[in-house]
Amino acid sequence: MTEGKISPWVPEQDPFRLAMLSKLIEECNELAGRAARCISHGLEQVDPDKNRPNADLMADEMADVIACMTMIEVRLGITPDDDRIEKKFEGYKRWHALIPDALVISEETAEAAAREHDREEAAQMGETSPWSDFGPQDTDAAEWRGGRIIVMQVALRAAALRGFR
Ligand SMILES: [Mg+2]
């Protein structure tokens with residue numbers, strides 16, 4: 001058995017607390033599901049089952065969660081701390097500022113990814129890859145590989161610029 005403290009099992013009994021907490025879990029999961037759909041299909045895409053854009057449907061779920069949280073705040077006196085909210089906002093701003101840099105792939109990373117892809121492809125075909133750690137073995141192939149790396153870099157930089165202009 002591991003060292004350290006463990007909490008005894010003392011489940012919540014109050015029916016109003018249970019009702020509010022279970023609804024909070026349900027609504028948070030509905031919001032999470034809609035956020036996942038926005039990632040998979042895009043904010044603007046219309047959900048064929050609901051005939052409304054994913055962003056609108058996510059706004060509905062956000063409203064449900066806010067209503068649920070407000071009810072918990074009023075009825076149970078569990079109040080979010082304003083300083084913590086402010087710190088979260090600041091953290092998100094700093095985190096978002098890092099995203100453009102993360103999207104710019106380095107030449108070494110692109111080259112390593114291309115080499116790995118070639119190795120996997122060759123392994124699937126039962127051949128020895130010309131892109132082993134010893135490097136390319138003919139000039140045409142080397143040029144092709146270099147061109148592919150440039151295409152990858154241009155595509156990634158274009159994506160970064162599109163999103164952050
Ligand atoms: Mg809901």
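## Handedness of a helix crossing

A crossing of two helices is called left-handed if the near helix is turned anticlockwise from the far one by less than a right angle, and right-handed if the turn is clockwise. In this predicted model, the crossing of helices H1 and H2 is left-handed. By class, the contact of H1 with H2 has 16 nonpolar, two polar and nine charged residues.

Two packed helices are described by the angle between their axes and the distance between those axes. For H1 (residues 15–41) and H2, the angle is about 160 degrees and the axes lie 9 Å apart. Because angles over 145 degrees count as roughly antiparallel, H1 is roughly antiparallel to H2.

## Overall organisation

The secondary structure of the protein chain consists of five helices and two strands. Along the sequence, these elements follow the pattern α-β-β-α-α-α-α.

Of the 165 residues of the protein chain, 1% count as buried. Among the contacts between residues at least 6 apart in sequence, 52% join residues at least 24 apart.

Helix H1 has 27 residues and reaches 39 Å from its first C-alpha to its last, close to the 39 Å expected at 1.5 Å a residue. Just after H1 comes Gly-42, which takes a positive phi of about 95 degrees. Helix H2, with 23 residues, reaches 32 Å between its first and last C-alpha, close to an expected 33 Å. Just after H2, Gly-77 takes a positive phi of about 70 degrees.

Helix H3 (residues 82–103) has 22 residues and spans 33 Å from first C-alpha to last, close to the 32 Å expected. H3 is hardly covered, as the count of buried residues among its 22 residues is zero.

## Leu-57 in helix H2

Leu-57 lies in helix H2, which covers residues 54–76. Is Leu-57 buried or partly exposed? Leu-57 counts as partly exposed because it has 19 C-beta neighbours inside 10 Å, whereas a buried residue needs 20 or more.

Leaving out residues up to four places away in sequence, Leu-57 touches Arg-34, Asp-47, Lys-50 and Arg-52. Arg-34 is 23 residues from Leu-57 in sequence, and their C-alpha atoms are 7.1 Å apart in space.

## The strands and the loop between them

Asn-51 is found in the loop between strand S1 (46–47) and strand S2 (52–53). Asn-51 is exposed, with 7 other C-beta atoms within 10 Å. What is the phi of Asn-51 near? The phi of Asn-51 is near 60 degrees, a positive value in a residue other than glycine. Most residues other than glycine have a negative phi.

Pro-53 has its place in strand S2. With 17 C-beta neighbours inside 10 Å, Pro-53 counts as partly exposed. Apart from neighbours within four places in sequence, Pro-53 is in contact with Glu-44, Gln-45 and Val-46. The C-alpha atoms of Pro-53 and Leu-43 are separated by 6.8 Å, although these two residues are ten apart along the chain.

Technical notes
Residues are numbered from 1 along each chain as its sequence is written. This is a predicted model: local features need pLDDT of at least 70, side-chain atom pairs count only at pLDDT 80 or more; totals for chains, interfaces and linings use all residues. Helices (H or I, at least four residues) and strands (E, at least two) are DSSP runs, numbered from the N terminus. A residue is buried if 20 or more other C-beta atoms lie within 10 Å of its own, exposed if 12 or fewer, and partly exposed in between; C-beta atoms are placed from the backbone. Two residues are in contact if their C-beta atoms, placed from the backbone, lie within 7 Å. Axes are lines fitted to C-alpha atoms, for helices over the stretch in contact, and angles run from 0 to 180 degrees between N-to-C directions. Angles under 35 degrees count as roughly parallel, over 145 as roughly antiparallel, 65 to 115 as roughly perpendicular and the rest as oblique. Ala, Val, Leu, Ile, Met, Phe, Trp, Tyr, Cys and Pro count as nonpolar, Asp, Glu, Lys and Arg as charged, and the others, Gly among them, as polar. The expected span of a helix is 1.5 Å times one less than its number of residues.
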